[in-house]
Structures are given as C-alpha cells and as structure tokens.
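Me: I'm new to this one, so please pick a part and take me through it up close, in plain words.

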Amino acid sequence: MDRSPKPHKFTATSTIDCRHDSATAKDLFHAMTINYWLMKSEPTTFSIDDLADQPDQTTCWEGVRNYQARNMLRDDIQVGDRVLFYHSACKVPAVVGTAVVSKSGYPDPFQFDRKSKYFDEKSDPENPRWYLVDIKLEKKFDRPVTLAELRERAGLKGMVLLQKGSRLSVQPVKKKEFETIEKLASKPA
DNA sequence: GCCAACGTTGGC
DNA sequence: GCCAACGTTGGC
C-alpha cells in the first residue's frame with residue numbers, strides 16, 4: 001500500500017522542464033490549477049477560533065493517521081489550494097470557514113515524537129509514513145453552514161462528506177461545491 | 001450514550 | 001487471502 005515519497009514540490013514559480021520525466025502530467029496539472037478540499041476538526045480539540053489565534057493564523061495539520069487521507073496530504077494538496085474548515089463530532093456539525101494551503105506535504109514530525117499521542121513506532125524516518133500540510137485561515141464564515149443544510153441542497157448531493165459512512169478527515173471537494181457553500185455562508189440561514 | 005460504518009490487525 | 005475481532009469516527 002505504501003508508495004515511497006516522490007518529489008512533487010511544484011509551485012507557481014517553479015520552472016517545469018518537460019524534457020525530464022519527473023514533471024508528469026499530474027505535476028503540470030497541479031501547477032496550473034487550484035484544488036479544493038475539506039478538512040475535519042473536532043472543535044473541542046482545535047476549532048476555527050483556535051486557528052484564528054495561531055501566529056500568522058497558520059497551523060500544521062498534524063495527526064492524520066489514515067492512508068487515504070495521507071496520500072492526499074502527501075501527493076495531491078498544493079500551496080494555494082483552498083480548504084473548507086469543518087467542525088465534526090460536536091453539537092452542530094458545520095462548515096465554519098475557509099483556509100488556504102500555505103505549505104504542501106511534508107513528514108508529520110509528531111510521528112517521531114515518543115511523547116506525542118501521534119507517535120508511530122513503525123514509521124521509519126528514512127521513509128516516513130505520515131504527512132501533513134500547513135493551512136492558513138482565509139475567512140471565518142459569518143455563520144456556520146450546517147451539515148443539515150448541506151444535505152438539503154440538491155447540488156451538494158455528490159459531496160464526499162454526505163456519502164453514507166464517509167469518515168475521511170481530509171477529502172476532495174468540487175469547485176462548484178466549494179462555491180455553493182461559500183455563497184450559503186454569505187446569506188442568512 | 002448508542003450504534004452504524006469503516007479501517008486495521010492478526011490468526012489461520 | 002480470508003475473516004473475525006477490535007478500535008475509531010462521528011451523526012444522532
């Protein structure tokens with residue numbers, strides 16, 4: 001299941017030389033497009049207000065220990081991508097704001113920290129198992145857009161979040177979905 | 001607190 | 001490789 005890490009650090013300012021096979025079509029695609037994601041956090045652990053209180057309103061998204069989510073953190077999520085910040089496992093599950101990716105995938109340092117609850121003794125520093133990205137607060141919504149509200153929207157039916165049994169804590173979102181939710185947030189409930 | 005759904009582990 | 005047991009997620 002594990003693939004070894006591969007170089008993938010293309011940013012808007014990177015020079016992409018297509019004569020080398022290191023620049024794949026996927027890398028080119030990433031360099032030219034913004035992608036959209038949703039990240040879940042339990043507000044009792046880390047809320048959007050906690051994010052707002054961080055230095056530079058930026059945090060590293062540590063502790064993801066699911067391989068599917070890991071693959072996205074390591075391979076797919078790029079600087080400039082936009083993120084829906086979702087409060088889960090709480091009274092009113094809701095999208096509560098947006099963030100922007102400020103640093104793309106790098107090894108989660110907590111996996112090597114014996115004192116951390118995210119310590120993983122099976123992870124080899126030469127071939128780290130877990131990755132994370134940094135995100136910066138973009139906007140805290142004027143009001144939460146609740147899960148119940150998302151379910152009512154026909155246009156959002158396809159969202160990963162709304163699929164039965166969906167538990168991924170990092171998940172892709174379509175541009176249309178992202179914009180729909182932003183628009184909902186700007187209108188009274 | 002309940003429980004459905006999912007992921008991981010480990011015996012065979 | 002199968003699958004039962006267990007742990008976790010997360011809405012309700």
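Reply: Let's start with Ser 47, which touches Phe 85 and His 87 once residues up to four places away in sequence are set aside (touching, or contact, means heavy atoms within 4.5 Å). Before going on: this is a predicted model, where local features need pLDDT of at least 70, side-chain atom pairs count only at pLDDT 80 or more, and totals for chains, interfaces and linings use all residues. Residues are numbered from 1 along each chain as its sequence is written, chains are lettered from A and ligands numbered from 1 in the order in which they are written, and side-chain values use heavy atoms, with hydrogens and water left out.

Back to Ser 47: look for it in the loop between strand S1 (36–41) and helix H2 (48–53). Helices (H or I, at least four residues) and strands (E, at least two) are DSSP runs, numbered from the N terminus. Ser 47 is buried, at 10% relative accessible area; buried means under 20%, exposed over 50% and partly exposed in between, using a 1.4 Å probe and protein chains only.

Gln 57 is partly exposed, with 32% relative accessibility. Beyond its neighbours within four places in sequence, Gln 57 is in contact with Leu 51, Ala 52, Ile 135, Lys 136 and Leu 137. With one of them there's a polar contact (a pair of N or O atoms within 3.5 Å; within protein, one must be able to donate a hydrogen and the other to accept it, and residues adjacent in sequence count only if both atoms are side-chain atoms): the Gln 57 side chain reaches the backbone oxygen of Ala 52 at 3.2 Å. Gln 57 also lies 9.5 Å from Ala 99, C-alpha to C-alpha, though 42 residues separate them in sequence.

Now for helix H5 (residues 175–185), where Glu 177, Phe 178, Ile 181, Leu 184 and Ala 185 are buried. Why do they end up on the same side of H5? Because they cover an arc of only 125° around the axis, taken from the directions from the helix axis to the C-beta atoms. S1 turns up again here: it is among the elements covering those buried residues, along with strand S3 (82–87) and strand S4 (94–107).
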